[in-house]
Amino acid sequence: TLPKPHTPSAVPLFTGREFEIEEITNFMTDKLTRLLNIWGSPGFGKTSTAIEVAHRLLFLEYPVYFFKLQGITSVDELLSQILSIFKSSLADLSLTPVDRLVSIFREISCPIFLIFDNLDDILSHVTDAVTRLFRIFDKFLDSNSNINILFTTRELLATMRDQVEGFQDVRIRPLSPASSVEYARQLLPSLSDSVVAKVARISSHVPLAMKLVASLVENNSEEMANNILEELNLSENLLEQLDSPYEKKMQTLFDTPFEQLALNDKHALISLTVFSSATVSKDAAIDVVSGETGVKLEAVRSLKTLVKKSLIDEDPNGKYYSIHPLIYSFLVDKAKRSDFENAFKSSRIRFCRYYLLLFERLNDDFLSGKSVDSPQLQDTLVYLSTAIYESITNDLENSQDLFRILSKSEIFLFLIGIPFGRSLDILDIHKVYDLAVETCSTQYTYSTYLKLHVSKYFQAIAKTDSFLSAHSDIPEDVRKDVMLLTDGSAAKLGCYEGILRILKGNVKAGVQLIEKHLDGLQKCADQQLIKCLCLQLLALFYSDLKEYSKSSNFSRKAIEVCAEVDNCSLFLIRDYDQTCSVTAKNDP
């Protein structure tokens, strides 16, 4: 079954591009074009055009999957994003991410469209990026004739034209004069036609440039608007009059509204650079910015100001903010200035804290049997590895929270996986626990250090290869100290050791360990989950030995745990309602 289409909201005030959209749509649906490159200078409207094409294809009832890649700097991160949408329980987890996707794509029986917006960060960070991307795209296209790919870049990837049969490209140029005036009129509904025409002309009909110029003159009288344009020396075509590269000219346009901002609004905008993705959830943005302004109401006001100034955008549903990649690059440079350095550092701490606590809430929902919020989980997965790595290595303020969360979330982490991160070396969960254990050993309480060892040990169960099992062994002195803890950690480790022995074939010894430690598990949600699973293991073990009375007893206890935590989905070995009925009849 295909996942539901994944596309951004339609672009507000989208104007013009009728010819380009028609051309691209015709190319993508003619069954001859399999790979299409939309390209052009930043700010010209590549992303907006790609989004509009996505909605046109949706209207034609094609499945469309749109991936925003701003801030994605590695091929592994790209593959992780695709796998987050195309999940399959049938896919062989031993395969590489590319081959796993190929195995999924082979089963698709209707045309689908993959749209990769803004490959430029990958192209600028990855050695031999074009060749690597070509190999991946070629594998996808070769796996199934139903796979079609569209991607956007600043420059044309001309080498792919010679390598891929059915390659096309469409260049996005400035808007036509008529469309440019129409767009400027939407931006400036209360000003005269002459001011609107001047804004369109001096912006060279470039959409982003028009937004920035319009933000300078909106809400002004006719006379004041003209004065502002004259003071800026924009009487002629801006992008032709300056003897400097295009992006330098665009920065001139950006700097003027930025310098006019109040200091708290500047700090709010700088704070948003901690988000590397093209879109930022509204809740996350408010939380990160509010630390700078003091209260959330002030953060909302600052964000509204930034939207009004066209420095950030808000999606029509009011759930996300976004920053244009070019403006984002200007802001990253400003964040390095000494007068903004502290604002950026403090926002980084708040950013990590927000995603750690959001992950903790999702883990708690999972442990208690509640439905995990899918949009929040997707948002968390984008930034989780960064938040974890920063909190372990650079952020003593958040590390204590992190260690507490890691000591109860090992099962959830294993199930969702940590995406290939932007955070240097963190690619595997066991590396997370290695770093956490190492850091905790010198900075925090010994009991926290011991609990992290227990959670780390779960990786020996999750991956039973000999290297990882040996790597996850607890030092004997640490194990002895764990067994002295009275908070259930000793029982948790004992149950984990029992499960591992069962997995390695020593079933009887494993069962004995579980039975020995089972009653020591406490009422906290993570230990109740382990207790319920272990009870079911014991029920299956004794059922296999035809000791049905013992098996029924363990099944009954598992059901009691499910009822106590109000989560019948923890009962996995047979039908929950039917088992409840049978065990009730057998009660004395």
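View 1. Look for Pro189 in the loop between helix H8 (177-187) and helix H9 (193-202); helices are DSSP runs of H or I with at least four residues, strands are E runs of at least two, and both are numbered from the N terminus. Asn219 lies 30 residues from Pro189 along the chain, and their C-alpha atoms are separated by 9.8 Å. A word on the source: this is a predicted model, in which local features need pLDDT of at least 70 and side-chain atom pairs count only at pLDDT 80 or more, while totals for chains, interfaces and linings use all residues. Residues are numbered from 1 along each chain as its sequence is written, and side-chain values use heavy atoms, with hydrogens and water left out.

**View 2. The open sheet of five strands.** Follow the strands in the order E2-E3-E4-E1-E5, with parallel pairing (two strands pair if DSSP finds at least two bridges between them). E2 and strand E5 (167-171) are the edge strands, each pairing on one side only. From one strand to the next, the twist averages 15°; angles run from 0 to 180 degrees between N-to-C directions, and axes are lines fitted to C-alpha atoms, for helices over the stretch in contact. Helix H2 (residues 46-59) packs on the sheet and touches E1, E2, E3 and E4, contact meaning heavy atoms within 4.5 Å. The direction of H2 makes about 160° with that of E2.

**View 3. Two strand pairs up close, E2 with E3 and E1 with E4.** Strand E2 (residues 64-68) is mostly covered, with four of its five residues buried. Five parallel bridges join E2 to strand E3 (residues 112-117), and here Lys68 stands opposite Asp117 in E3. Strand E1 (residues 35-39) and strand E4 (residues 147-153) also pair in the parallel sense over five bridges, where you can find Leu36 opposite Leu150 in E4.

**View 4. Helix H18 (residues 338-367) crossing helix H19 (residues 374-393).** The two axes come within 8 Å and cross at roughly 125°. That makes H18 oblique to H19, since angles under 35 degrees count as roughly parallel, over 145 as roughly antiparallel, 65 to 115 as roughly perpendicular and the rest as oblique. Residues making the contact include Phe351 and Tyr355 of H18 and Tyr383 and Leu384 of H19.

Methods
Buried < 20%, exposed > 50% of the residue type's maximum accessible area, 1.4 Å probe, protein only.
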